[in-house]
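Look through the sequence and the structure before reading on.

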Amino acid sequence: MLGYENKFEGFLFERLSSESQEASISIDDGKISIYIDDRVIASELEIANIQDAKNINFVDGRLFVPTDVINSEILERLTNKRENFVRNLEIFTVKKSLILSLILVFFIVGFRASIPHLASFAVRITPQSVEQEIGRNIFKIFEDIELLPTDLPRWKIDAIKQRTKPLFANTNIEIKFKKSGIIGANALAFPGGPIVITDDLVRLLDNEDLIVGVVAHEIAHIKLHHSLNLVYNTMGAGVLATIVFGSNESILEEISAVSINAWAMSLSRKSEMEADLTAVEILNESGMNPRLVLDALRTLFDKTCLGTELENNCGDSGDWMSSHPASIERFEYLENAILKI
Ligand SMILES: [Zn+2]
């Protein structure tokens, strides 16, 4: 600690007294003495506090009011404020980083938890034209990566289009037939449309009525805005990843690839149930057999899973069955919904 050799003039108030007398104090190496007429009346005094950066209250109850303002650095040293401040600052740094980490964790957890809410809010305020634009753009990207022109004969496509036509009444959703790579026998619904049916699915079902069932399910996804919701959720996850990892391009590319994959595969179970039940309604309203969704599911299950090692967990292949695993539960709620019509 630096030594100080300072004397200050002022007024001294004895304990509980309102009367003052001229006095002076000396501050020597942090130790304070009080003088009246150059005579020491008290020494090695302890300061209780300093008010208004001026009035010095001593622990013994005396008050000294200096005539001139005492250098603030001296006052700080006297009260050990400076040391306290530095000490507090050090503690605060640890505390501060802890608090900041906690805020960050809560922000990330909170943000992650709020993505679905933000996504459904965004879905509600998205105009149909924007949803369709998003769908068209994603379809184009997906088409470049994964889809090839169809190999199906023209008459087959026309027959399916004719058969599914009533489902598209009052919508401007398009249906597209494409040959697929990794997604196999599949059907996809892009936000606001289009719906893509792969050649493999058409061949696997080998029945236009059953394709009607699958198409009804995909239309239901579009009407319920499930795909748009998923897009917004994926975007939220991308924003979160950018916050956590920074805008590292390779990580973002990785996330995009994973997201596109996930997007094709991972509409939630709840969304699937909603789409199934809405498909039953759509079929019914279109004057078609509401059983077609269930029939399509059962047929796909029988053809791709039954009697194979996938029978108990029919979700490991890269096709419609993997994103739409057939389950007793699914068959049951569909049966119940159909019976209620
Ligand atoms: Zn689905």
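The axes of α6 and helix α9 (residues 269–285) come within 8 Å of each other and cross at roughly 110°. The two helices α6 and α9 are therefore roughly perpendicular, a label for angles of 65 to 115 degrees, while under 35 counts as roughly parallel, over 145 as roughly antiparallel and the rest as oblique. This is a predicted model, in which local features need pLDDT of at least 70 and side-chain atom pairs count only at pLDDT 80 or more, while totals for chains, interfaces and linings use all residues. Residues are numbered from 1 along each chain as its sequence is written.

**Terms for packed helices**

- Two packed helices are described by the angle between their axes and the distance between the axes.
- Axes are lines fitted to C-alpha atoms, for helices over the stretch in contact, and angles run from 0 to 180 degrees between N-to-C directions.
- Helices (H or I, at least four residues) and strands (E, at least two) are DSSP runs numbered from the N terminus.

**α6 with α9**

- On the α6 side, A216, H217, I219, A220, H221 and K223 meet A275, D276, T278, A279, I282 and L283 of α9; contact here means that C-beta atoms, placed from the backbone, lie within 7 Å.
- This contact of α6 with α9 has seven nonpolar, three polar and two charged residues.
- In these classes, Ala, Val, Leu, Ile, Met, Phe, Trp, Tyr, Cys and Pro count as nonpolar, Asp, Glu, Lys and Arg as charged, and the others, Gly among them, as polar.

**α6 with α10**

- Helix α10 (residues 292–304) packs against α6 at an angle of about 105°, with the axes 7 Å apart.
- α6 and α10 are therefore roughly perpendicular to each other.
- D209, L210, V212, G213, V214, A216 and H217 of α6 make the contact with L292, V293, D295, A296 and T299 of α10.
- The contact of α6 with α10 divides into seven nonpolar, three polar and two charged residues.

**α6 with α4**

- Helix α4 (residues 154–164) and helix α6 (residues 208–223) have axes that come within 9 Å and cross at roughly 55°.
- That angle makes α4 oblique to α6.
- A159, I160, R163 and T164 in α4 meet E208, I211, V212 and V215 in α6.
- Five nonpolar, one polar and two charged residues form the contact of α4 with α6.

- Leaving out residues up to four places away in sequence, I219 touches L167, I173, I195 and I282.
- L300 lies in helix α10 and is buried, with 24 other C-beta atoms within 10 Å.
- A residue is buried if 20 or more other C-beta atoms lie within 10 Å of its own, exposed if 12 or fewer, and partly exposed in between, with C-beta atoms placed from the backbone.
- S114 is in helix α2 (residues 81–125) and counts as exposed, with 12 C-beta neighbours inside 10 Å.

**The chain as a whole**

- The chain has twelve helices and eleven strands.
- Of its 341 residues, 28% are buried.
- S114 and G236 are 122 residues apart in sequence, and their C-alpha atoms are 9.3 Å apart in space.

How values were computed:
Two residues are in contact if their C-beta atoms, placed from the backbone, lie within 7 Å.
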